Structure formats: structure tokens, C-alpha cells
Amino acid sequence: VTVSNREKLKDLVIDTFLLDPAEFRFDLRRNEVETWDSLGVVSIAVGVEQTFGYHFTADEAVGIQGLQDIVALLQARGISFDE
Amino acid sequence: MNRPEVWTYPQLLRQDLGRAVVWATASAREPAASLPWPLATALDPLPPGTETLVAIGGGSLIDEAKAFRAQRAPSVRLVAVPSRWGSGAEASPVTVLDRAGRKEIHLDPSWLPDVRVLWPELASRLPPELARDGCADALAHGVEGFLSPLAQEPLRQEIAPLIERMIATPPADAAWFELSASACAAQARSSVGVVHGIAHTIEGELRRSQPRFGHARLCAAFLWPVLRFDRTSFAKVDDLLRRHGLDPDALERAARRLFPPADYSTALPVLQARWRDVLRDPCTRTNSALVRPASVEFFSAFLAAGVAP
């Protein structure tokens with residue numbers, strides 16, 4: 001079974017920020033997630049590199065304000081999130 | 001960051017410390033009695049007019065002395081004499097205080113001791129298990145500080161030779177005093193990882209039923225499993241080690257030599273019960289590989305899996 005990049009990202013975000021799956025949305029913003037604090041920025045950066053092989057620069061990491069920003073950064077590196 | 005001045009034991013004896021008192025852990029009171037300053041029975045209150053506090057003990061005692069001096073007696077000079085290696089508290093701006101079984105972590109370079117003293121003879125009094133656990137604590141500081149996602153390249157270049165020396169140094173060697181202090185001071189410039197996240201989370205609960213479990217013993221129990229977890233989760237871990245001249249398999253063998261399987265088995269049920277808290281620990285969240293809710297299964301299966309490198 002091939003897991004899509006959308007599914008991988010969803011699992012990663014749920015696990016990193018310890019979300020209930022029902023809380024997940026692809027338009028989640030950082031300020032809506034209690035655990036998306038400065039350490040959460042570090043964790044999600046590690047998780048993205050581990051899962052998608054892309055290492056955020058420090059500027060990219062601190063500039064991320066929501067899940068759509070992560071998708072955009074990865075899409076710009078050729079990682080597709082099409083359904 | 002100001003680093004403490006380093007004295008040898010003979011240098012300590014030659015110093016004019018003014019009105020000094022010695023505060024020592026129980027196991028260090030006998031050698032402490034050989035010093036030319038009176039032993040204090042308690043830290044608070046210090047005798048009036050005290051100018052220097054000489055704290056002799058493990059990381060917990062030295063951290064309590066750092067906090068006391070910073071908060072209650074800022075004009076008193078603090079001389080820290082580690083009686084065992086591992087925590088590196090004598091050289092670290094990080095201070096870990098046990099408050100009713102919960103760990104309070106303070107990061108403040110101004111809390112550092114003014115002086116740390118190398119007294120290698122104290123190592124001869126260390127039981128082998130304590131020496132081993134201290135080595136694991138020091139190696140965990142080095143490895144987690146090196147692999148931390150917050151570590152910059154110059155820091156990794158500084159820590160890599162330390163790790164190499166730790167791999168090659170036997171557990172009973174007094175050289176661990178200096179290795180431990182250097183590793184702890186270095187990791188304070190990045191972070192530690194899930195070895196410390198586990199230790200900080202479960203230490204208090206374990207100690208209530210198993211008083212022999214301290215921080216260093218938990219580092220010994222979890223350093224090898226965590227290193228295996230990190231290596232199997234994220235290929236970057238081996239890449240980083242190799243890029244800095246370190247052999248990941250040799251490092252894992254060193255961690256395995258320090259591993260106490262019976263302690264791991266004892267600690268595992270507490271780890272499983274407190275896993276959610278481990279995930280929320282700040283140290284866990286700066287681990288080199290992402291630690292997920294399902295990662296507890298790796299640790300549950302670790303001993304049975306036959307995962308020797």
C-alpha cells in the first residue's frame with residue numbers, strides 16, 4: 001500500500017503535536033496548536049527532514065505559520081501533495 | 001559564557017578562601033574532613049560571614065549549591081568539587097533541581113560555580129556501578145548534544161573528539177571527570193534528547209519504589225536503546241557521526257557496554273505508563289530523530305528483538 005504524501009504529512013503533524021486525529025486540518029495554523037511552540041518548530045523540522053528528506057533553513061523554520069506553509073515549501077522542492 | 005576556573009586538589013589546598021565552609025554529600029564526608037575548613041551540616045543557613053562555600057558531591061548536591069548561592073547568597077564564592085562524574089553540573093549553566101519528585105530545569109550561566117576542582121582520588125571511592133552510570137550520563141550528554149537539531153557545525157566539531165575519547169576511556173578512569181565536565185558544558189549550547197527526556201520524566205516515580213534509580217542509572221539504561229532507535233529511525237544520525245570521523249557502530253558498542261539489562265527491564269513498565277509525558281518533555285522534543293506516540297513499541301520490544309549492532 002502506497003502512503004500518499006498528504007497522509008504522511010497528516011500522520012507527522014498528528015504525532016509531532018500530539019493531536020487527536022479529529023483535530024487535524026490541512027489549513028491548521030500554528031497559533032491554533034498549543035504544542036506548536038518553539039520546540040514544536042524544532043520537532044516538525046526534524047520530522048519533515050526524516051519523512052520527506054528536506055531540511056528547512058532556520059529562516060524557513062521560524063517563518064512557518066501554518067501547515068500550508070510547510071506544503072508550499074515542500075512543493076517548491078518538487079514534493080507533490082496532489083490528491 | 002564565563003567558564004569556572006579549574007583547580008587541582010593541591011591548588012585548592014593552597015588557596016586562601018577566607019571564611020569557608022564545606023558542604024559534602026554523605027559518601028564524601030570522610031575525604032572532605034581532610035580539608036582545612038569546617039564541615040557544614042546544612043546548606044541553609046550558612047554560618048554568618050561565610051565567604052566561600054566548597055560543595056563536594058554529585059550533580060544533585062552541586063546543583064542545589066548553585067541554586068542556593070544564586071538565590072540566597074550571591075556574594076559567596078562557590079567552589080564545586082564533583083565526587084563522581086556524569087552530570088557535569090560543576091561546569092554547566094544548566095541546573096536541575098528535584099522539587100518533590102519533579103525536575104525544575106534552570107538555564108543561567110550566572111549560576112555557574114566560580115571554581116571547579118579536579119580531585120581524582122575521589123574516583124577511587126566510586127563503586128563500579130556508579131562509575132559506569134556516570135560514564136553513561138557523560139556519554140549521553142556528548143552524543144545528544146552532538147546530534148541535537150540545535151547543534152551548529154562548530155559545536156559538533158568540538159564534541160566529536162570528546163565522544164571519541166569517551167569511547168576509548170575505561171569506565172574506572174578518573175579522566176571521566178574532565179570528559180564529563182566538557183561534554184556537559186558543550187551540550188548546554190545545543191540540547192539533550194530523549195535519553196534525558198526519559199530520565200527526567202520517570203526518575204521521580206521510579207525512585208519512590210526503587211531508591212537506587214538516579215538520573216545517571218537511567219542514562220545507562222536508555223543510552224543504548226535510544227541510540228539504536230535514533231540510528232534506525234533517521235539515516236542522518238549515522239551520516240553526521242561519520243562526517244565527523246566517528247564510527248556509529250563503535251559508539252553503539254560503547255553504549256552497549258554501559259547498558260544494565262535488569263535496570264532496563266525494571267524501568268520499562270514505568271516508561272510505558274508515562275510515555276505521553278515523555279513525549280511532552282522538552283528534551284524529547286529536541287531529539288535527533290522524531291519521537292512519536294508509536295515509538296514506545298520500539299522500546300517495549302528492545303530486549304526481545306536481539307538488536308545488537
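**Figure 1. Val22(B) stands opposite Val54(B) of strand E3(B).** Welcome to the first close-up of this predicted model. Strand E2 of chain B, residues 20-24, runs parallel to E3(B), and the two pair over 5 bridges. On to the next neighbour: E3(B) also pairs in the parallel sense with strand E4 of chain B, residues 77-82, here over 6 bridges. Val54(B) turns up again in this pairing, standing opposite Val79(B) in E4(B). To get from E3(B) to E4(B), the chain passes through helix H3 of chain B, residues 59-72, in a right-handed β-α-β crossover.

**Figure 2. Strand E3 of chain B, residues 52-57, is mostly covered.** Have a look at each residue in turn: 6 of the 6 in this strand are buried. In a regular strand, side chains alternate between the two faces of the sheet. One side of E3(B) carries Thr52(B), Val54(B) and Ile56(B), the other Leu53(B), Ala55(B) and Gly57(B), and both faces are covered.

Figure 3. The partners come from distant parts of the chain, 42 residues apart: Phe222(B) belongs to helix H8 of chain B (residues 215-233) and Tyr264(B) to helix H11 of chain B (residues 261-273). Phe222(B) has a relative accessible area of 0% and is therefore buried. Tyr264(B) is buried too, with a relative accessible area of 0%.

**Figure 4. Phe229(B) and Phe298(B) meet edge-to-face.** Here the planes stand at 65° and the ring centres are 5.5 Å apart. This pair also links distant parts of the chain, with Phe229(B) in helix H8 of chain B and Phe298(B) in helix H13 of chain B (residues 296-305), 69 residues apart. Phe229(B) counts as buried because its relative accessibility is 5%, whereas Phe298(B), at 22%, is partly exposed.

**Figure 5. Arginines sit over phenylalanine rings in chain A and in chain B.** In chain A, look for Arg6(A) over the face of Phe26(A), 4.1 Å from the ring centre. In chain B, the charged end of Arg156(B) sits over the ring of Phe146(B), at 6.0 Å from its centre.

Conventions
Residues are numbered from 1 along each chain as its sequence is written. Chains are lettered from A and ligands numbered from 1 in the order in which they are written. This is a predicted model: local features need pLDDT of at least 70, side-chain atom pairs count only at pLDDT 80 or more; totals for chains, interfaces and linings use all residues. Side-chain values use heavy atoms; hydrogens and water are left out. Buried means under 20% relative accessible area, exposed over 50%, partly exposed in between (1.4 Å probe, protein chains only). Helices (H or I, at least four residues) and strands (E, at least two) are DSSP runs, numbered from the N terminus. Two strands pair if DSSP finds at least two bridges between them. A crossover is right-handed if, with the strands pointing away from the viewer, the path from the first strand over the helix to the second runs clockwise. Rings of Phe, Tyr and Trp (its six-membered ring) pair if their centres lie within 6.5 Å; planes under 30 degrees apart count as stacked, over 60 as edge-to-face and the rest as tilted. A charge sits over a ring if NZ of Lys or CZ of Arg is within 6 Å of the ring centre and within 35 degrees of the ring normal.
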